[in-house]
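This briefing covers a ligand site and the strands of one protein. Look at the sequence and the structure first, then read the points below.

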Amino acid sequence: MPRTLPDIPLRPATLLVRGGQNRSSFDEMSEALHLTSGFMYESAGQAEDTFLGKAQHFQYSRFGNPTIEALQNKLAALEGAEACRVTASGMAAVHAAMLSHLKAGDRVVASRALFGSCHWIVSTLLPRYGIETVFVDGADLDAWRDAFRTPTQMVLLETPSNPMLDIVDLRAVCDLAHAAGAVVVVDNVFATPLLQRPMEFGADVVVYSATKHFDGQGRVLGGAVLGSKAWVNDVLQPFIRNTGPSISPFNAWVILKGLETLHLRVPAMCANAERVADFLDARPEVVRALYPFRPSHPQEALARRQMTAGGTLVTFDVGSKENAFAVLDGLRLVDISNNLGDARSMVTHPATTTHMKVGAEERARLGITDGTIRLSVGLEDVADVIEDLSQALDRIARPAHRQAAE
Ligand SMILES: *Cc1c(COP(=O)(O)O)cnc(C)c1O
């Protein structure tokens, strides 16, 4: 009876269903939930050998746990990465990936369009520790080139970005970054490993919020960091082991169950998102609708080179805060929530929620207007989502300049 997967190349759907399982001596079908903080040793000698690294044995769930390891192995196989560590949240993953690698005197270059908390780490936290940080417009290769005139230790970028769905040219930026001596970290939350595998374009480290599409059903927080065996074991693991951003085995188990359907959920959400983007683009109340695989997106060609589908998010502008609030408050089905990647469709108003703290000036640089709405498209019947958006848009007046253009 096979306890482990055959040692042959398997496709993503198969890896999502079956990858990574650490089957115990009980031959359970579903992954076992090892909800335990510690492990016992058969002898003092075995404990010593384990701490010496001579014996393979779990020690303590802050360092390792069979359920957590199953999730790490599944994600590494899916990403095509040598190694993975999962963490309690996506932000714990980003923080560990950066702080494990950096020291005082180092320099970080980041794309400006980052998830709010990632932006805070780069703009506020790292400088406190004597790390120089520089933001660039992720779409501007000359700006990246300029930034790399000074030796740089790490790059953090997000593509597509939150919430404006900007695309960064992964191959070009990785080549420039490597020439400057930097390790490139890509936040791949919006694409998921099914739509984009940044390591194929040269990225060294990929980070995820497992809270989003991996769980995909709004239950638990989680994060993941993927990279080479050498970097994960020598740089990341000592940091995680000694600082403790560890995930609960229960949450790891929930994410394992979520991943079994990722390859069904994400393409269905992308198809729905594309339909919603078409609908929004045709509505006169919508000043602009952005979706990476639509001709109206300024970087459609680049998005198609890097991604296999446009993603599960649509960002659109209804002209003013007043209109945006009227649309959000008018929705009867779609929820107002700053979460994303869920089976339920959700909208948020970035200027007053996720991107409130970055300030008006930075929002203007990022292209986030007071009328910008971010919509995470879920798994409902898309006709119901479109009808809901339609009745909510009916409530607002057309922005003046659209009327003038007609
Ligand atoms: C949600 C998110 C994070 C943070 O993940 P948490 O699990 O909420 O800590 C980081 N980056 C992006 C792009 C995200 O969407």
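Two strands count as paired if DSSP finds at least two bridges between them. With that in mind, β9 and strand β12 (residues 372-376) are paired in the antiparallel sense, with five bridges. The model is a predicted one.

- Strand β9 covers residues 313-317, and five of its five residues are buried, so the strand is largely enclosed by the rest of the structure.
- Buried here means that a residue has under 20% relative accessible area.
- In a regular strand, side chains alternate between the two faces of the sheet.
- In β9, L313, T315 and D317 point one way, while V314 and F316 point the other way. Residues pointing either way are buried.
- On β12, L375 is the residue that stands opposite V314.
- β9 also pairs with strand β8 (residues 288-290), in the antiparallel sense and over three bridges.
- In this pairing, T315 of β9 has L290 opposite it.

**The seven-stranded sheet**

- Seven strands form an open sheet, in the order β1-β7-β6-β5-β4-β2-β3. The pairing in this sheet is mixed.
- Its edge strands are β1 (83-87) and β3 (132-136), each of which pairs on one side only.
- From one strand to the next, the twist averages 20°.
- At one end of the order, strand β2 (residues 107-111) pairs with β3 in the parallel sense, over five bridges.
- One of the residues in this pairing is A110, whose bridge partner in β3 is F135.

**The ligand and its surroundings**

- How many residues surround the ligand? There are 13, and the closest are M91, D187, S209, T211 and K212.
- By type, the shell around the ligand has five nonpolar, five polar and three charged residues.

How values were computed. Residues numbered from 1 in each chain as written. Predicted model: local features only at pLDDT ≥ 70, side-chain atom pairs only at ≥ 80, totals over all residues. Heavy atoms only, no water. Near = heavy atom within 4 Å. Nonpolar A, V, L, I, M, F, W, Y, C, P; charged D, E, K, R; others polar. Buried < 20%, exposed > 50% of the residue type's maximum accessible area, 1.4 Å probe, protein only. Helix = DSSP H or I, 4+ residues; strand = E, 2+ residues; numbered from the N terminus. Axes fitted to C-alpha atoms, helices over the stretch in contact; angles between N-to-C directions.
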